Amino acid sequence: MGFAVMNPPLLASSHLIKASFLTRGLHSDCRKRRAISMNCQATAEKSVVSGNRMLVFVPPHPLIKHWISVLRNEQTPCPVFKNAMAELGRLLIYEASREWLPTISGEIQSPMGVTTVEFIDPREPIAIVPILRAGLALVEHAPSVLPVANTYHLGISRNEETLQPSVYLNKLPDKFPEGSRVFVVDPMLATGGTVVAAIQLIKDRGVDNKQIKVIAAVAAPPALQKLSEKFPGLHVYAGILDPTVNEKGFIIPGLGDAGDRSFGT
């Protein structure tokens with residue numbers, strides 16, 4: 001599986017990937033949207049229609065690049081690492097919630113007169129599902145972006161020998177309210193076993209693929225391949241895409257064990 005590094009850091013790949021991932025850049029100066037598919041076909045358009053393709057978004061924001069750089073540095077101390085993870089999560093959730101949150105409009109009285117306004121509709125269900133424990137760091141500042149969201153913790157550990165996931169804590173509701181929009185937060189999408197298990201649990205509780213968005217600090221091809229095959233229409237937002245995963249299931253170059261580095265263990 002080969003990759004071509006684009007500028008900004010978007011994603012391309014060889015013909016070995018059957019799915020069509022798209023990476024969209026959001027440019028602050030003119031808000032043009034650019035999509036590059038993993039079959040190396042590039043288009044430029046104001047909006048990207050995904051259909052049943054899984055889309056992978058890497059927002060080219062300077063602050064996202066900055067915090068990824070801080071996270072990659074092996075000299076970054078634990079408190080700084082944890083703060084960088086939280087700041088990165090805030091930015092990625094902000095980008096992922098763009099054009100996705102339900103709003104309600106009305107009129108209010110400003111100090112200078114009556115005006116039409118829009119608010120986030122608090123009646124529409126929004127859920128955040130951090131995958132413990134590293135997900136807690138990435139989701140720490142989420143309430144500042146999504147103040148009306150409910151948080152449901154999901155603990156999944158990975159067997160270091162088999163790399164298979166095991167659920168040890170499940171605080172998901174028996175069934176999500178109809179129309180729920182769910183953010184699944186997992187810092188490292190490496191082999192994909194953990195995030196696939198998490199999304200399947202959410203889908204079993206009544207949520208459609210297109211109502212789920214995955215937030216990750218770093219993503220790699222094995223995880224993206226699994227997600228695209230199992231959950232067409234899913235959207236993934238990542239700080240950066242790395243090319244490989246080693247035999248121990250760690251992303252290379254990655255940033256190490258996000259949980260250990262966040263919590264100093």
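Glu140 is partly exposed, with 39% of relative accessible area (buried means under 20%, exposed over 50% and partly exposed in between, using a 1.4 Å probe and protein chains only). This is a predicted model, where local features need pLDDT of at least 70, side-chain atom pairs count only at pLDDT 80 or more, and totals for chains, interfaces and linings use all residues. Residues are numbered from 1 along each chain as its sequence is written, and side-chain values use heavy atoms, with hydrogens and water left out.

Back to Glu140: its side chain meets that of Lys82 in a salt bridge, 2.7 Å from N to O. The term stands for a side-chain nitrogen of Lys or Arg within 4 Å of a carboxyl oxygen of Asp or Glu. Lys82 sits in helix H2, while Glu140 lies in the loop between helix H3 (134-138) and helix H4 (142-145), so this pair links parts of the chain 58 residues apart. Helices here are DSSP runs (H or I, at least four residues), as are strands (E, at least two), numbered from the N terminus. Lys82 is partly exposed too, at 24%.

Stay with helix H2 for a moment, as it also holds Arg90. Glu87 forms a salt bridge with Arg90, with the closest N and O atoms 3.2 Å apart. Both lie in helix H2, 3 residues apart, about one turn of the helix. Glu87 is buried at 19%, whereas Arg90 is partly exposed at 27%. Looking past neighbours within four places in sequence, Arg90 is in contact (heavy atoms within 4.5 Å) with Leu138, His141, Ser144 and Val145.

Another salt bridge joins Asp260 and Arg133, with closest N and O atoms 2.3 Å apart. Asp260 is in helix H7 (residues 258-263) and Arg133 in the loop between strand E7 (126-132) and H3, 127 residues apart. The count of salt bridges comes to 6.

Now for the rings. The structure holds 3 aromatic pairs; rings of Phe, Tyr and Trp (its six-membered ring) pair if their centres lie within 6.5 Å, and planes under 30 degrees apart count as stacked, over 60 as edge-to-face and the rest as tilted. One of them is stacked: Phe57 and Tyr237, 4.6 Å centre to centre with 15° between the planes. Phe57 is in strand E4 (residues 55-57) and Tyr237 in strand E14 (residues 235-241), 180 residues apart. Phe57 is buried at 2%. Trp100 and Phe183 pair edge-to-face, at 5.0 Å and 85°, and both are buried.
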